Amino acid sequence: MTAILALNSGSSSVKFAVYEAQASGPALLFRGLLDLHANDGRFAIKDAAGKPVCVDASPVTDPKADLATSLLDRVEQLLNGQELVAVGHRIVHGGSDYTAPVRIDTQIVQDLDQLTPLAPLHQPACLDPVRSILASRPKLQQVACFDTGFHRDLSPIYRRFALPLECETRGIRRYGFHGLSFEYIARQFNQPDLRLVVAHLGSGCSLCAIRDGKSVNTTMSLTPLDGVMMATRSGAIDPGVVLYLQQSQGMSVAEVEDLLYHKAGLLGVSGISADMRTLLASTDARAKQAIDQFCARIAEQIAVMATAMKGMEMLVFTGGIGEHSQEIRDNVCARLEWLGVSGENAAAVGRVEVRTIPTDEEFVIALHTIGVVN
């Protein structure tokens, strides 16, 4: 048996899964999570049936320094001597040059590090485990799978900003993100020419218009800051706000970045929390305003995505909020009744079917990793 480790490193958690590389595709063996904000710093690992498994229980004391090596040690315990042939990584930004999965070397790491200003919350978290494994296990194959890759074929009307062409030649264009999640959802359907809108709602949120399995339009663009409002990110705002904050309010670039990435969104509007569960449980009027604003922006962008395809047959919710909050789904759908959205399991009376599908980015990472190493 040969095994693949799919590593999905974020700014607040690390998700991973171990798959057997079979001819028919990846077969799940184990799945796990490390919450970087948890006090104990320990991996939670379950087998394919969801049963917890026991491995080295020592905490990860320095995630940036020893996350990858600690995880590899635990994975090899689980494999009982079977061979781990490759590690596949979710890399948030691939820029213009990296649009398909690729085997990683030091030059590619350097290239991808140049994109850190476009994804400052995510790119370092993605690349730190890559560097760690290159240093500790240089012969272990590593594959980069890009969130931007799914959107590589956006047409010019959705790819370009309304800026001179010279800006696009310098890489200033709409890339889109959450591509591994959107690809997983798209793979669940075999219907030719299906017009599908997917709402990936979690700490980060974006929507994608998918027709015949391909990205047509999406809400995030040059950076993961654009689009709908998120937990602590602003989403789309008037560009003049940034100019005003710097020119008239005297804020530095770093202060504006901190505001837009860490103090805006649900947290900024409510002044209470970035956690949707906390806001839904609150009776504070500010919490209700944040929830309604969040849902209104999502509903607006669903209509935008549908417009890009001249209609939609299906709306899919995914991501932590999208999968687990019926209240948010109902709120969004109620705003779209005019568009034929009648709520979940109501396709018989409405023109748009609404579904909730848990995403699986690790499966897509493993699938692409097997394709590259084979």
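Two strands pair if DSSP finds at least two bridges between them; strands (E, at least two residues) and helices (H or I, at least four) are DSSP runs, numbered from the N terminus. This is a predicted model, in which local features need pLDDT of at least 70, side-chain atom pairs count only at pLDDT 80 or more, and totals for chains, interfaces and linings use all residues. Residues are numbered from 1 along each chain as its sequence is written, and side-chain values use heavy atoms, with hydrogens and water left out.

**Exercise 1. Determine the strand order of the open sheet and identify its edge strands.**

Solution. 
- Step 1: the open sheet has 7 strands in the order 4-3-2-1-5-7-6, and its pairing is mixed.
- Step 2: strand 4 (44-47) and strand 6 each pair on one side only, and are the edge strands.
- Step 3: within the sheet, strand 2 (residues 13-22) and strand 3 (residues 25-35) run antiparallel and are joined by 10 bridges.
- Step 4: V18 stands opposite F30 in strand 3.
- Step 5: in general, strands of a sheet pair through backbone hydrogen bonds, either parallel or antiparallel.

**Exercise 2. State which strands helix 3 lies across, and give its angle to strand 5.**

Solution. 
- Step 1: helix 3 (residues 123-136) lies across strand 1 (2-9), strand 5 and strand 7 (141-146).
- Step 2: the angle to strand 5 is about 155 degrees, where axes are lines fitted to C-alpha atoms, for helices over the stretch in contact, and angles run from 0 to 180 degrees between N-to-C directions.

**Exercise 3. Describe the surroundings of H93.**

Solution. 
- Step 1: H93 belongs to the loop between strand 5 (83-91) and strand 6 (102-103).
- Step 2: H93 is classed as buried because its relative accessibility is 0%; buried means under 20% relative accessible area, exposed over 50%, and partly exposed in between (1.4 Å probe, protein chains only).
- Step 3: beyond neighbours within four places in sequence, the residues in contact (heavy atoms within 4.5 Å) with H93 include L112, Q123, F146, Y175 and L222.
- Step 4: for L222, the H93 side chain reaches the backbone oxygen at 3.0 Å.

Notes: A polar contact is a pair of N or O atoms within 3.5 Å; within protein, one must be able to donate a hydrogen and the other to accept it, and residues adjacent in sequence count only if both atoms are side-chain atoms.
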